[in-house]
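Let's take a walk through this structure together, one site at a time. Have the sequence and the 3D view ready as you read.

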There are 2 protein chains.
Amino acid sequence: MAATLVSKNRSFQGHQFVYKHPSSTTNCEMTFGVYIPDHQPEEKLPTLFYLSGLTCTHANFMEKSGFQQFASKHRFIVVHPDTSPRGVDIAGDSDSWDFGKGAGFYVNATVEKWSKNYRMYDYIVKELLEEVAPKVAPIDAGRVGIFGHSMGGHGALTIGLRNPQKFKSISAFAPICNPISVPWGQKALGGYLGEDQATWKEYDASEVLKRYEGPKREILVDQGTADNFLGQLKPETLKETDHVAVEVRMQKDFDHSYYFIASFMADHFAHHAKALV
Amino acid sequence: MAATLVSKNRSFQGHQFVYKHPSSTTNCEMTFGVYIPDHQPEEKLPTLFYLSGLTCTHANFMEKSGFQQFASKHRFIVVHPDTSPRGVDIAGDSDSWDFGKGAGFYVNATVEKWSKNYRMYDYIVKELLEEVAPKVAPIDAGRVGIFGHSMGGHGALTIGLRNPQKFKSISAFAPICNPISVPWGQKALGGYLGEDQATWKEYDASEVLKRYEGPKREILVDQGTADNFLGQLKPETLKETDHVAVEVRMQKDFDHSYYFIASFMADHFAHHAKALV
(Lines give C-alpha, C1' and ligand atoms only; values in the text may rest on other atoms or scores of the structure.)
Protein backbone atom coordinates (compact mmCIF):
# COMPACT_ATOMS: atom_id res chain seq x y z
CA MET A 1 0.00 0.00 0.00
CA ALA A 2 1.05 3.60 -0.50
CA ALA A 3 3.49 5.17 1.92
CA THR A 4 2.82 8.50 3.63
CA LEU A 5 5.57 11.08 4.01
CA VAL A 6 6.56 11.72 7.63
CA SER A 7 9.55 14.02 7.13
CA LYS A 8 11.97 15.30 4.52
CA ASN A 9 15.32 16.99 5.14
CA ARG A 10 17.91 18.22 2.70
CA SER A 11 21.14 16.31 3.44
CA PHE A 12 24.34 16.57 1.42
CA GLN A 13 23.41 16.31 -2.29
CA GLY A 14 20.10 14.58 -1.68
CA HIS A 15 17.23 14.25 0.77
CA GLN A 16 16.59 12.15 3.85
CA PHE A 17 12.98 10.98 3.93
CA VAL A 18 10.91 9.10 6.49
CA TYR A 19 7.74 7.30 5.42
CA LYS A 20 5.11 5.17 7.13
CA HIS A 21 2.73 2.67 5.59
CA PRO A 22 0.26 -0.03 6.56
CA SER A 23 2.03 -3.35 6.07
CA SER A 24 0.21 -6.41 4.77
CA THR A 25 3.11 -8.57 5.99
CA THR A 26 3.42 -7.44 9.63
CA ASN A 27 -0.21 -6.34 9.90
CA CYS A 28 0.62 -3.01 11.46
CA GLU A 29 1.90 0.39 10.46
CA MET A 30 5.61 0.34 9.63
CA THR A 31 8.01 3.27 9.48
CA PHE A 32 11.14 3.39 7.34
CA GLY A 33 13.72 5.93 6.25
CA VAL A 34 15.13 6.39 2.77
CA TYR A 35 17.91 8.63 1.52
CA ILE A 36 17.64 9.61 -2.15
CA PRO A 37 20.52 11.41 -3.90
CA ASP A 38 19.70 14.09 -6.45
CA HIS A 39 19.01 12.42 -9.79
CA GLN A 40 17.57 12.94 -13.24
CA PRO A 41 13.81 12.39 -13.70
CA GLU A 42 14.07 8.93 -15.31
CA GLU A 43 17.30 7.83 -13.68
CA LYS A 44 17.43 4.64 -11.57
CA LEU A 45 20.00 4.38 -8.80
CA PRO A 46 21.82 1.54 -7.04
CA THR A 47 20.34 0.92 -3.62
CA LEU A 48 21.43 -0.38 -0.22
CA PHE A 49 19.20 -1.78 2.47
CA TYR A 50 20.51 -1.18 5.99
CA LEU A 51 19.19 -3.29 8.87
CA SER A 52 19.59 -1.96 12.41
CA GLY A 53 20.37 -3.70 15.67
CA LEU A 54 18.54 -4.47 18.90
CA THR A 55 16.49 -1.62 20.44
CA CYS A 56 16.85 0.56 17.33
CA THR A 57 14.12 2.05 15.19
CA HIS A 58 14.61 3.35 11.64
CA ALA A 59 16.03 6.54 13.21
CA ASN A 60 19.30 5.59 14.93
CA PHE A 61 21.16 4.92 11.69
CA MET A 62 19.72 8.04 10.09
CA GLU A 63 20.78 10.28 12.97
CA LYS A 64 24.03 8.74 14.17
CA SER A 65 25.92 6.93 11.42
CA GLY A 66 26.76 9.80 9.09
CA PHE A 67 25.91 7.54 6.14
CA GLN A 68 24.33 10.30 4.05
CA GLN A 69 27.75 11.75 3.18
CA PHE A 70 28.72 8.52 1.44
CA ALA A 71 25.32 7.79 -0.07
CA SER A 72 25.51 11.25 -1.62
CA LYS A 73 29.09 10.73 -2.82
CA HIS A 74 28.47 7.31 -4.40
CA ARG A 75 24.88 8.16 -5.38
CA PHE A 76 23.24 5.28 -3.53
CA ILE A 77 19.64 5.20 -2.41
CA VAL A 78 19.64 3.80 1.13
CA VAL A 79 16.51 2.23 2.64
CA HIS A 80 16.54 1.69 6.42
CA PRO A 81 13.52 -0.03 8.01
CA ASP A 82 12.47 -0.42 11.62
CA THR A 83 13.59 -3.52 13.56
CA SER A 84 10.19 -4.97 14.50
CA PRO A 85 6.45 -4.45 14.22
CA ARG A 86 5.18 -1.53 16.31
CA GLY A 87 1.83 -0.57 17.69
CA VAL A 88 0.67 -4.14 18.23
CA ASP A 89 0.55 -5.38 21.79
CA ILE A 90 1.46 -9.01 22.33
CA ALA A 91 1.97 -10.27 25.89
CA GLY A 92 5.72 -10.41 26.48
CA ASP A 93 6.74 -8.13 23.60
CA SER A 94 8.11 -5.47 25.94
CA ASP A 95 9.54 -7.57 28.76
CA SER A 96 13.10 -7.55 27.47
CA TRP A 97 15.26 -5.47 25.17
CA ASP A 98 16.44 -8.47 23.13
CA PHE A 99 13.06 -9.97 22.20
CA GLY A 100 9.80 -8.54 20.88
CA LYS A 101 9.64 -4.81 20.15
CA GLY A 102 12.89 -3.54 18.65
CA ALA A 103 14.11 -7.13 18.28
CA GLY A 104 12.37 -8.78 15.32
CA PHE A 105 15.57 -10.60 14.31
CA TYR A 106 14.55 -10.52 10.64
CA VAL A 107 12.71 -13.86 10.81
CA ASN A 108 9.24 -15.06 9.87
CA ALA A 109 7.86 -16.23 13.21
CA THR A 110 6.08 -19.58 13.19
CA VAL A 111 5.05 -19.70 16.85
CA GLU A 112 1.39 -18.74 16.65
CA LYS A 113 1.48 -15.89 19.12
CA TRP A 114 4.06 -14.01 17.03
CA SER A 115 3.32 -15.25 13.53
CA LYS A 116 0.72 -12.66 12.58
CA ASN A 117 3.10 -9.71 13.00
CA TYR A 118 6.71 -10.78 13.49
CA ARG A 119 7.47 -11.43 9.83
CA MET A 120 10.38 -9.08 9.31
CA TYR A 121 12.10 -11.41 6.82
CA ASP A 122 9.25 -11.27 4.34
CA TYR A 123 8.63 -7.63 5.15
CA ILE A 124 12.16 -6.71 4.01
CA VAL A 125 12.65 -9.19 1.16
CA LYS A 126 9.21 -8.89 -0.40
CA GLU A 127 7.03 -6.04 0.70
CA LEU A 128 9.54 -3.26 1.36
CA LEU A 129 12.02 -4.13 -1.40
CA GLU A 130 9.55 -5.01 -4.12
CA GLU A 131 6.40 -3.08 -3.39
CA VAL A 132 6.73 -0.14 -1.02
CA ALA A 133 10.20 1.33 -1.50
CA PRO A 134 10.10 1.38 -5.32
CA LYS A 135 7.04 3.64 -5.15
CA VAL A 136 8.97 6.35 -3.32
CA ALA A 137 12.52 5.92 -4.67
CA PRO A 138 13.94 5.20 -8.15
CA ILE A 139 15.52 1.88 -7.16
CA ASP A 140 17.48 -0.01 -9.81
CA ALA A 141 16.29 -3.52 -8.88
CA GLY A 142 19.32 -5.09 -10.56
CA ARG A 143 21.77 -3.20 -8.34
CA VAL A 144 20.71 -3.71 -4.73
CA GLY A 145 22.96 -4.53 -1.78
CA ILE A 146 22.40 -5.07 1.93
CA PHE A 147 24.25 -4.28 5.14
CA GLY A 148 23.52 -3.89 8.82
CA HIS A 149 24.71 -3.81 12.41
CA SER A 150 24.63 -6.51 15.11
CA MET A 151 21.15 -8.10 14.87
CA GLY A 152 20.89 -6.21 11.59
CA GLY A 153 24.23 -7.62 10.49
CA HIS A 154 22.75 -11.06 11.09
CA GLY A 155 19.76 -9.94 9.00
CA ALA A 156 21.97 -8.63 6.20
CA LEU A 157 24.09 -11.79 6.01
CA THR A 158 21.17 -14.23 6.07
CA ILE A 159 18.84 -12.23 3.82
CA GLY A 160 21.65 -11.36 1.42
CA LEU A 161 22.93 -14.92 1.06
CA ARG A 162 19.48 -16.49 0.85
CA ASN A 163 18.39 -14.08 -1.90
CA PRO A 164 21.38 -13.64 -4.21
CA GLN A 165 19.13 -12.74 -7.11
CA LYS A 166 17.86 -9.72 -5.16
CA PHE A 167 20.95 -8.63 -3.21
CA LYS A 168 24.24 -8.43 -5.10
CA SER A 169 26.52 -7.16 -2.34
CA ILE A 170 26.75 -7.72 1.42
CA SER A 171 28.58 -6.24 4.39
CA ALA A 172 28.09 -5.98 8.15
CA PHE A 173 29.22 -4.14 11.26
CA ALA A 174 29.64 -6.42 14.29
CA PRO A 175 27.07 -8.96 13.06
CA ILE A 176 25.57 -11.80 15.08
CA CYS A 177 27.17 -14.57 13.01
CA ASN A 178 26.09 -17.77 14.69
CA PRO A 179 22.87 -17.12 16.63
CA ILE A 180 22.07 -20.80 17.15
CA SER A 181 25.06 -21.03 19.50
CA VAL A 182 24.61 -17.91 21.67
CA PRO A 183 22.04 -16.66 24.22
CA TRP A 184 20.66 -13.77 22.11
CA GLY A 185 20.01 -16.05 19.17
CA GLN A 186 18.70 -18.99 21.14
CA LYS A 187 16.19 -16.77 22.93
CA ALA A 188 15.03 -15.08 19.73
CA LEU A 189 14.99 -18.10 17.43
CA GLY A 190 13.42 -20.30 20.11
CA GLY A 191 10.82 -17.64 20.85
CA TYR A 192 9.84 -16.93 17.27
CA LEU A 193 10.40 -20.35 15.67
CA GLY A 194 9.82 -22.81 18.50
CA GLU A 195 11.88 -25.74 19.65
CA ASP A 196 12.76 -27.38 16.33
CA GLN A 197 16.32 -26.23 15.95
CA ALA A 198 16.51 -27.42 12.35
CA THR A 199 14.44 -24.39 11.35
CA TRP A 200 16.81 -22.06 13.19
CA LYS A 201 19.61 -22.80 10.75
CA GLU A 202 17.82 -20.93 7.98
CA TYR A 203 18.45 -17.83 10.04
CA ASP A 204 22.03 -18.51 11.07
CA ALA A 205 24.62 -16.64 8.99
CA SER A 206 27.46 -19.10 9.43
CA GLU A 207 25.15 -22.03 8.55
CA VAL A 208 23.65 -20.27 5.53
CA LEU A 209 27.11 -19.22 4.34
CA LYS A 210 28.41 -22.79 4.61
CA ARG A 211 25.67 -24.04 2.27
CA TYR A 212 25.65 -21.07 -0.11
CA GLU A 213 26.23 -22.04 -3.75
CA GLY A 214 25.09 -18.93 -5.61
CA PRO A 215 27.14 -16.38 -7.52
CA LYS A 216 30.46 -15.51 -5.91
CA ARG A 217 30.18 -13.00 -3.06
CA GLU A 218 32.79 -10.95 -1.20
CA ILE A 219 31.59 -10.07 2.27
CA LEU A 220 33.16 -7.29 4.34
CA VAL A 221 32.75 -7.48 8.12
CA ASP A 222 34.14 -4.96 10.63
CA GLN A 223 34.28 -5.95 14.29
CA GLY A 224 35.58 -3.94 17.24
CA THR A 225 37.97 -5.68 19.61
CA ALA A 226 36.52 -3.77 22.61
CA ASP A 227 32.94 -4.79 21.80
CA ASN A 228 31.20 -5.87 25.02
CA PHE A 229 28.99 -8.24 23.03
CA LEU A 230 31.75 -10.08 21.21
CA GLY A 231 30.71 -13.37 22.82
CA GLN A 232 27.26 -13.05 21.22
CA LEU A 233 28.65 -12.24 17.77
CA LYS A 234 31.23 -14.93 16.95
CA PRO A 235 32.73 -13.53 13.73
CA GLU A 236 35.19 -16.45 13.72
CA THR A 237 32.33 -18.74 12.62
CA LEU A 238 32.15 -17.03 9.23
CA LYS A 239 34.37 -19.34 7.18
CA GLU A 240 35.45 -18.63 3.64
CA THR A 241 34.12 -21.08 1.01
CA ASP A 242 34.55 -21.51 -2.75
CA HIS A 243 31.51 -19.29 -3.22
CA VAL A 244 32.03 -16.66 -0.53
CA ALA A 245 35.14 -14.65 0.31
CA VAL A 246 34.91 -13.24 3.82
CA GLU A 247 37.06 -10.39 5.11
CA VAL A 248 36.63 -9.93 8.86
CA ARG A 249 38.58 -6.90 10.04
CA MET A 250 39.18 -6.78 13.80
CA GLN A 251 39.28 -3.07 14.63
CA LYS A 252 41.42 -2.36 17.66
CA ASP A 253 39.71 -0.65 20.64
CA PHE A 254 36.40 -0.05 18.88
CA ASP A 255 33.16 -0.95 20.70
CA HIS A 256 29.61 -1.82 19.59
CA SER A 257 28.36 1.78 19.25
CA TYR A 258 27.52 4.05 16.36
CA TYR A 259 30.93 5.69 16.89
CA PHE A 260 32.35 2.42 15.61
CA ILE A 261 29.89 2.20 12.72
CA ALA A 262 30.53 5.80 11.65
CA SER A 263 34.30 5.24 11.69
CA PHE A 264 34.10 2.57 8.97
CA MET A 265 31.08 3.72 6.99
CA ALA A 266 33.24 5.04 4.13
CA ASP A 267 34.79 1.60 3.63
CA HIS A 268 31.41 -0.15 3.52
CA PHE A 269 30.10 2.20 0.86
CA ALA A 270 33.29 1.66 -1.14
CA HIS A 271 32.76 -2.11 -0.81
CA HIS A 272 29.22 -1.94 -2.16
CA ALA A 273 30.16 0.56 -4.85
CA LYS A 274 32.71 -1.92 -6.20
CA ALA A 275 29.91 -4.43 -6.81
CA LEU A 276 27.03 -2.15 -7.75
CA VAL A 277 28.17 1.11 -9.33
CA MET B 1 38.16 21.38 39.79
CA ALA B 2 38.98 18.01 38.38
CA ALA B 3 36.69 16.46 35.80
CA THR B 4 35.35 12.92 36.15
CA LEU B 5 35.18 10.60 33.15
CA VAL B 6 31.61 9.67 32.13
CA SER B 7 32.29 7.75 28.92
CA LYS B 8 34.96 7.01 26.35
CA ASN B 9 34.46 5.62 22.84
CA ARG B 10 36.97 4.92 20.12
CA SER B 11 35.97 7.06 17.11
CA PHE B 12 37.95 7.33 13.87
CA GLN B 13 41.62 7.88 14.81
CA GLY B 14 40.89 9.20 18.28
CA HIS B 15 38.48 8.97 21.18
CA GLN B 16 35.22 10.66 22.06
CA PHE B 17 35.09 11.45 25.78
CA VAL B 18 32.39 12.83 28.07
CA TYR B 19 33.34 14.41 31.41
CA LYS B 20 31.46 16.07 34.25
CA HIS B 21 32.80 18.45 36.87
CA PRO B 22 31.59 20.78 39.60
CA SER B 23 31.69 24.31 38.18
CA SER B 24 32.70 27.28 40.30
CA THR B 25 31.21 29.57 37.65
CA THR B 26 27.72 28.11 37.27
CA ASN B 27 27.64 26.63 40.78
CA CYS B 28 26.40 23.27 39.61
CA GLU B 29 27.72 20.13 37.97
CA MET B 30 28.47 20.66 34.27
CA THR B 31 28.88 18.00 31.58
CA PHE B 32 30.95 18.42 28.43
CA GLY B 33 32.25 16.28 25.59
CA VAL B 34 35.74 16.33 24.11
CA TYR B 35 37.16 14.53 21.10
CA ILE B 36 40.90 13.91 21.24
CA PRO B 37 42.78 12.61 18.18
CA ASP B 38 45.60 10.14 18.70
CA HIS B 39 48.77 12.06 19.54
CA GLN B 40 52.28 11.76 20.88
CA PRO B 41 52.77 12.00 24.67
CA GLU B 42 54.00 15.60 24.77
CA GLU B 43 52.19 16.86 21.68
CA LYS B 44 49.77 19.81 21.89
CA LEU B 45 46.94 20.03 19.39
CA PRO B 46 44.87 22.84 17.89
CA THR B 47 41.41 22.94 19.44
CA LEU B 48 37.88 23.97 18.52
CA PHE B 49 35.09 24.87 20.92
CA TYR B 50 31.63 24.03 19.59
CA LEU B 51 28.58 25.70 21.15
CA SER B 52 25.20 24.05 20.64
CA GLY B 53 21.75 25.49 20.05
CA LEU B 54 18.50 25.71 21.99
CA THR B 55 17.31 22.54 23.75
CA CYS B 56 20.61 20.74 23.13
CA THR B 57 22.95 19.21 25.68
CA HIS B 58 26.60 18.35 25.03
CA ALA B 59 25.35 15.19 23.30
CA ASN B 60 23.47 16.29 20.17
CA PHE B 61 26.59 17.48 18.35
CA MET B 62 28.53 14.40 19.44
CA GLU B 63 25.87 12.00 18.17
CA LYS B 64 24.46 13.74 15.12
CA SER B 65 26.97 16.00 13.40
CA GLY B 66 29.57 13.49 12.23
CA PHE B 67 32.29 15.96 13.30
CA GLN B 68 34.69 13.27 14.56
CA GLN B 69 35.64 12.28 11.01
CA PHE B 70 37.01 15.76 10.36
CA ALA B 71 38.49 16.30 13.82
CA SER B 72 40.39 13.05 13.24
CA LYS B 73 41.48 14.06 9.73
CA HIS B 74 42.71 17.54 10.69
CA ARG B 75 43.83 16.42 14.16
CA PHE B 76 41.74 18.92 16.12
CA ILE B 77 40.68 18.51 19.72
CA VAL B 78 37.01 19.53 19.89
CA VAL B 79 35.40 20.60 23.18
CA HIS B 80 31.59 20.76 23.23
CA PRO B 81 29.89 21.96 26.43
CA ASP B 82 26.27 21.88 27.54
CA THR B 83 23.99 24.85 26.77
CA SER B 84 22.98 25.83 30.31
CA PRO B 85 23.40 24.96 33.96
CA ARG B 86 21.64 21.73 34.96
CA GLY B 87 20.44 20.29 38.21
CA VAL B 88 19.55 23.64 39.74
CA ASP B 89 15.89 24.50 40.00
CA ILE B 90 14.95 28.12 39.49
CA ALA B 91 11.28 29.04 39.11
CA GLY B 92 10.60 29.49 35.41
CA ASP B 93 13.68 27.66 34.14
CA SER B 94 11.61 24.91 32.53
CA ASP B 95 8.55 26.84 31.34
CA SER B 96 9.77 27.31 27.78
CA TRP B 97 12.23 25.73 25.40
CA ASP B 98 13.91 29.02 24.53
CA PHE B 99 14.75 30.26 28.03
CA GLY B 100 16.28 28.67 31.13
CA LYS B 101 17.39 25.04 30.89
CA GLY B 102 18.94 24.27 27.52
CA ALA B 103 18.94 27.97 26.67
CA GLY B 104 21.73 29.74 28.53
CA PHE B 105 22.49 31.98 25.53
CA TYR B 106 26.17 32.17 26.52
CA VAL B 107 25.69 35.27 28.69
CA ASN B 108 26.57 36.20 32.27
CA ALA B 109 23.15 36.87 33.78
CA THR B 110 22.86 40.01 35.89
CA VAL B 111 19.22 39.63 36.95
CA GLU B 112 19.59 38.33 40.49
CA LYS B 113 17.44 35.26 40.15
CA TRP B 114 19.67 33.88 37.36
CA SER B 115 23.03 35.42 38.19
CA LYS B 116 24.28 32.70 40.51
CA ASN B 117 24.12 29.97 37.85
CA TYR B 118 23.46 31.33 34.36
CA ARG B 119 27.00 32.47 33.66
CA MET B 120 27.72 30.46 30.50
CA TYR B 121 29.90 33.21 29.00
CA ASP B 122 32.46 33.05 31.81
CA TYR B 123 32.04 29.30 32.04
CA ILE B 124 33.20 28.86 28.44
CA VAL B 125 35.76 31.67 28.18
CA LYS B 126 37.42 31.20 31.56
CA GLU B 127 36.65 28.01 33.45
CA LEU B 128 36.24 25.46 30.65
CA LEU B 129 38.85 26.86 28.26
CA GLU B 130 41.52 27.78 30.79
CA GLU B 131 41.05 25.46 33.74
CA VAL B 132 38.99 22.34 33.11
CA ALA B 133 39.54 21.28 29.50
CA PRO B 134 43.36 21.63 29.58
CA LYS B 135 43.46 19.07 32.38
CA VAL B 136 41.89 16.39 30.19
CA ALA B 137 43.14 17.31 26.71
CA PRO B 138 46.50 18.54 25.33
CA ILE B 139 45.14 21.87 24.11
CA ASP B 140 47.54 24.22 22.35
CA ALA B 141 46.27 27.48 23.89
CA GLY B 142 47.71 29.51 21.03
CA ARG B 143 45.66 27.64 18.42
CA VAL B 144 42.04 27.68 19.55
CA GLY B 145 38.96 28.41 17.41
CA ILE B 146 35.23 28.51 18.08
CA PHE B 147 32.08 27.58 16.17
CA GLY B 148 28.49 26.73 16.89
CA HIS B 149 24.89 26.40 15.73
CA SER B 150 21.93 28.74 16.12
CA MET B 151 22.07 30.01 19.75
CA GLY B 152 25.55 28.45 19.77
CA GLY B 153 26.41 30.31 16.57
CA HIS B 154 25.50 33.51 18.42
CA GLY B 155 27.75 32.31 21.25
CA ALA B 156 30.63 31.53 18.90
CA LEU B 157 30.45 34.90 17.12
CA THR B 158 30.18 36.99 20.27
CA ILE B 159 32.66 35.02 22.36
CA GLY B 160 35.10 34.69 19.46
CA LEU B 161 35.07 38.39 18.55
CA ARG B 162 35.18 39.61 22.16
CA ASN B 163 38.19 37.41 22.95
CA PRO B 164 40.47 37.51 19.91
CA GLN B 165 43.50 36.70 22.04
CA LYS B 166 41.89 33.38 23.00
CA PHE B 167 40.00 32.40 19.83
CA LYS B 168 41.85 32.75 16.53
CA SER B 169 39.19 31.44 14.14
CA ILE B 170 35.39 31.63 14.02
CA SER B 171 32.54 30.04 12.06
CA ALA B 172 28.85 29.34 12.55
CA PHE B 173 25.93 27.29 11.27
CA ALA B 174 22.67 29.27 11.12
CA PRO B 175 23.67 31.64 13.94
CA ILE B 176 21.39 34.11 15.73
CA CYS B 177 23.14 37.22 14.41
CA ASN B 178 21.15 40.10 15.82
CA PRO B 179 19.35 38.91 18.97
CA ILE B 180 18.46 42.42 20.16
CA SER B 181 16.05 42.71 17.23
CA VAL B 182 14.24 39.35 17.37
CA PRO B 183 11.88 37.59 19.83
CA TRP B 184 14.29 34.80 20.88
CA GLY B 185 17.00 37.30 21.73
CA GLN B 186 14.74 39.88 23.36
CA LYS B 187 13.26 37.23 25.64
CA ALA B 188 16.64 35.78 26.61
CA LEU B 189 18.62 39.00 26.93
CA GLY B 190 15.77 40.74 28.74
CA GLY B 191 15.34 37.77 31.05
CA TYR B 192 19.00 37.32 31.92
CA LEU B 193 20.23 40.95 31.71
CA GLY B 194 17.18 43.03 32.56
CA GLU B 195 15.68 46.02 30.81
CA ASP B 196 18.80 48.08 30.08
CA GLN B 197 19.24 47.32 26.41
CA ALA B 198 22.70 48.91 26.32
CA THR B 199 24.03 45.80 28.07
CA TRP B 200 22.39 43.56 25.49
CA LYS B 201 24.67 44.83 22.73
CA GLU B 202 27.67 43.09 24.31
CA TYR B 203 25.92 39.85 23.38
CA ASP B 204 24.75 40.80 19.91
CA ALA B 205 26.97 39.42 17.12
CA SER B 206 26.23 42.11 14.54
CA GLU B 207 26.84 44.86 17.14
CA VAL B 208 30.04 43.27 18.44
CA LEU B 209 31.29 42.72 14.88
CA LYS B 210 30.62 46.37 13.95
CA ARG B 211 32.86 47.58 16.79
CA TYR B 212 35.54 44.87 16.48
CA GLU B 213 39.04 46.28 15.97
CA GLY B 214 41.24 43.28 16.78
CA PRO B 215 43.37 41.16 14.45
CA LYS B 216 41.80 40.47 11.08
CA ARG B 217 39.22 37.66 11.11
CA GLU B 218 37.54 35.72 8.32
CA ILE B 219 34.20 34.35 9.46
CA LEU B 220 32.40 31.54 7.62
CA VAL B 221 28.63 31.29 8.08
CA ASP B 222 26.37 28.68 6.47
CA GLN B 223 22.63 29.28 6.45
CA GLY B 224 19.87 27.11 4.97
CA THR B 225 17.29 28.84 2.79
CA ALA B 226 14.54 26.49 4.05
CA ASP B 227 15.31 27.23 7.72
CA ASN B 228 12.01 27.78 9.59
CA PHE B 229 13.79 30.10 12.02
CA LEU B 230 15.37 32.39 9.45
CA GLY B 231 13.43 35.37 10.83
CA GLN B 232 15.12 34.86 14.22
CA LEU B 233 18.61 34.56 12.71
CA LYS B 234 19.10 37.59 10.42
CA PRO B 235 22.42 36.67 8.77
CA GLU B 236 22.06 39.83 6.63
CA THR B 237 22.98 41.91 9.70
CA LEU B 238 26.56 40.56 9.68
CA LYS B 239 28.31 43.29 7.69
CA GLU B 240 31.90 43.07 6.51
CA THR B 241 34.28 45.62 8.08
CA ASP B 242 37.95 46.48 7.66
CA HIS B 243 38.69 44.03 10.44
CA VAL B 244 36.29 41.21 9.66
CA ALA B 245 35.62 39.45 6.38
CA VAL B 246 32.27 37.65 6.48
CA GLU B 247 31.25 34.93 4.07
CA VAL B 248 27.57 34.04 4.48
CA ARG B 249 26.67 31.10 2.23
CA MET B 250 22.94 30.66 1.66
CA GLN B 251 22.49 26.91 1.17
CA LYS B 252 19.51 26.09 -1.00
CA ASP B 253 16.75 23.94 0.55
CA PHE B 254 18.64 23.19 3.77
CA ASP B 255 16.79 23.58 7.08
CA HIS B 256 17.88 24.17 10.71
CA SER B 257 18.61 20.53 11.58
CA TYR B 258 21.73 18.50 12.15
CA TYR B 259 21.31 17.16 8.59
CA PHE B 260 22.21 20.68 7.50
CA ILE B 261 25.12 20.95 9.95
CA ALA B 262 26.55 17.57 8.93
CA SER B 263 26.37 18.50 5.25
CA PHE B 264 28.80 21.40 5.68
CA MET B 265 30.96 20.15 8.56
CA ALA B 266 33.89 19.39 6.25
CA ASP B 267 34.00 23.00 5.07
CA HIS B 268 34.00 24.39 8.60
CA PHE B 269 36.92 22.21 9.63
CA ALA B 270 38.80 23.29 6.52
CA HIS B 271 38.06 26.92 7.42
CA HIS B 272 39.49 26.52 10.93
CA ALA B 273 42.42 24.44 9.70
CA LYS B 274 43.45 27.29 7.40
CA ALA B 275 43.84 29.55 10.46
CA LEU B 276 45.07 27.10 13.08
CA VAL B 277 46.98 24.20 11.58
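This is a predicted model: local features need pLDDT of at least 70, side-chain atom pairs count only at pLDDT 80 or more; totals for chains, interfaces and linings use all residues.

Residues are numbered from 1 along each chain as its sequence is written, chains are lettered from A and ligands numbered from 1 in the order in which they are written, and side-chain values use heavy atoms, leaving out hydrogens and water.

Where does S150(A) sit in chain A? S150(A) lies in the loop between β6 (139-149) and α5 (151-162). Helices (H or I, at least four residues) and strands (E, at least two) are DSSP runs, numbered from the N terminus. S150(A) counts as buried because its relative accessibility is 2%, where buried means under 20% relative accessible area, exposed over 50%, and partly exposed in between (1.4 Å probe, protein chains only). Not counting residues up to four places away in sequence, S150(A) touches several residues, among them G53(A), F173(A), W184(A) and H256(A); contact means heavy atoms within 4.5 Å.

The side chains of S150(A) and H256(A) are joined by a polar contact of 2.8 Å. The term stands for a pair of N or O atoms within 3.5 Å; within protein, one must be able to donate a hydrogen and the other to accept it, and residues adjacent in sequence count only if both atoms are side-chain atoms. H256(A) belongs to the loop between β9 (244-251) and α10 (258-276), and is buried at 14% relative accessibility.

D227(A) is found in the loop between β8 (217-224) and α9 (230-233). With a relative accessible area of 6%, D227(A) is buried. Beyond its neighbours within four places in sequence, D227(A) is in contact with A174(A), L233(A), F254(A), D255(A) and H256(A).

Finally, zoom out to both chains. A rotation of 180 degrees with 0.0 Å of shift along its axis superposes chain B on chain A (RMSD 0.0 Å). That is the relation of a two-fold axis.

Terms used:
Copies are superposed by least squares on the C-alpha atoms of residues with pLDDT of at least 70 in both.
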